[in-house]
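Please take a moment with the sequence and the model below before reading on. The report that follows begins with the whole chain and then moves to its parts.

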Amino acid sequence: MRQIILDTETTGLEWSEGHNIIEIGCVEMQRRKLTGNHYHQYTKPVHEIDKEAMAVHGITHEFLSDKPRFNEIADAFLDYIRGAELIIHNATFDIGFLDAELGRNGYDVRIADICTITDSLRLARQKHPGQKNNLDALCKRYGIDNSHRDLHGALLDSEILADVYLALTGGQTSLLLSDDGDQGQEGDEIAIKRMGAESLGLAVLAATSDELVEHEAFLDRLDKSAGGECVWRKPVAELNS
């Protein structure tokens with residue numbers, strides 16, 4: 001499944017008060033690698049930008065004056081995310097705004113209808129209960145450089161969150177741009193599943209078909225000698241996963 005790390009910036013905190021999305025930033029990953037297929041869009045709001053929000057992201061009405069309205073970019077945005085797993089930090093906030101914008105502009109579809117949604121804030125709270133789990137705190141905890149983040153920005157925050165998500169879910173803390181030349185190769189996929197081996201310079205080698213056959217025969221002999229199924233036996237199909 002495609003994974004899309006998504007973030008938004010808005011005119012204020014509450015979509016229910018008529019606030020709008022003014023920036024959407026997304027980065028795409030496949031097999032835990034950036035693909036380079038990013039999505040970034042500013043939109044012109046109807047609602048005034050709160051001073052508090054402007055202090056966070058620095059986006060002004062003057063800057064947005066020539067940008068398209070949300071309804072002008074909605075179809076392209078939905079096509080980009082459709083069928084993907086969305087990874088969002090505090091997903092309730094962003095999904096609430098996206099669904100509100102869709103509803104205001106006559107769309108029946110909601111984000112959860114076309115995407116799987118993973119809240120990285122919830123993952124962080126489960127892994128680090130009782131601790132700060134905002135993006136800055138997680139970057140500090142995992143040694144991720146966010147020194148270039150003077151202001152919030154949807155695309156920048158998505159790129160940072162991609163690193164944080166990898167650290168949260170497997171220990172990988174650096175993103176590599178995927179190489180189209182090795183897409184679909186089983187050995188590469190195995191190395192990605194076993195996170196940490198690459199960073200230590202260790203080779204992860206898949207068993208050959210002959211080795212798998214010999215291994216299966218060995219397990220069969222053990223089963224027969226023990227008079228039954230070995231409780232620790234692992235199916236051949238799982239040996240390379």
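The accessible surface of the protein chain comes to about 13200 Å², and 51% of that area belongs to carbon and sulfur atoms. The model is a predicted one, and every value in this report was computed from it. Of the 241 residues in the protein chain, 43% count as buried, a word used here for residues with under 20% relative accessible area. The protein chain holds 10 helices and six strands. If we take the contacts in the protein chain with a separation of 6 or more, 66% of them are between residues 24 or more positions apart.

**Strand S2 and its partners**

Strand S2 covers residues 21–30, and because nine of its 10 residues are buried, this strand is largely enclosed by the rest of the structure. Which strands pair with S2, and in what sense? Strand S1, residues 3–10, pairs with S2 in the antiparallel sense over eight bridges, and within S2 it is Ile-21 that stands opposite Thr-10. Strand S4, residues 39–42, also runs antiparallel to S2 and is joined to it by four bridges, with His-40 of S4 standing opposite Gly-25. Strand S3, residues 33–34, is joined to S2 by two bridges, again in an antiparallel arrangement, and here Leu-34 of S3 is the bridge partner of Met-29. S2 and S3 form a hairpin with two residues between the strands, and in this hairpin Arg-31 takes a positive phi near 55 degrees.

**Buried residues and the cysteines**

| Residue | Relative accessibility |
|---|---|
| Cys-26 | 0% |
| Cys-139 | 1% |
| Tyr-39 | 11% |
| Phe-77 | 1% |

**Aromatic pairs**

A search of the whole structure finds four aromatic pairs. One of them is formed by Tyr-39 and Phe-77, whose rings are 5.6 Å apart from centre to centre with 50 degrees between the planes, so that the pair is described as tilted. Tyr-39 lies in strand S4 and Phe-77 in helix H3, residues 70–81, so the pair ties together parts that are 38 residues apart in sequence. Both members are covered, since Tyr-39 is buried at 11% and Phe-77 counts as buried at 1% relative accessibility. Ring pairs also link Tyr-39, Phe-77 and Tyr-80 into a cluster.

**Helix H8**

Is helix H8 mostly covered or mostly uncovered? This helix, residues 154–170, is mostly covered, as 13 of its 17 residues are buried. From its first C-alpha to its last, H8 reaches 24 Å, which is close to the 24 Å expected at 1.5 Å a residue.

Key
Residues numbered from 1 in each chain as written. Predicted model: local features only at pLDDT ≥ 70, side-chain atom pairs only at ≥ 80, totals over all residues. Heavy atoms only, no water. Buried < 20%, exposed > 50% of the residue type's maximum accessible area, 1.4 Å probe, protein only. Pairing = 2+ DSSP bridges. Contact = heavy atoms within 4.5 Å. Areas by Shrake-Rupley, 256 points an atom, 1.4 Å probe, with all protein chains shown as cover. Expected span 1.5 Å × (residues − 1). Phe/Tyr/Trp six-rings, centres within 6.5 Å; stacked < 30°, edge-to-face > 60°.
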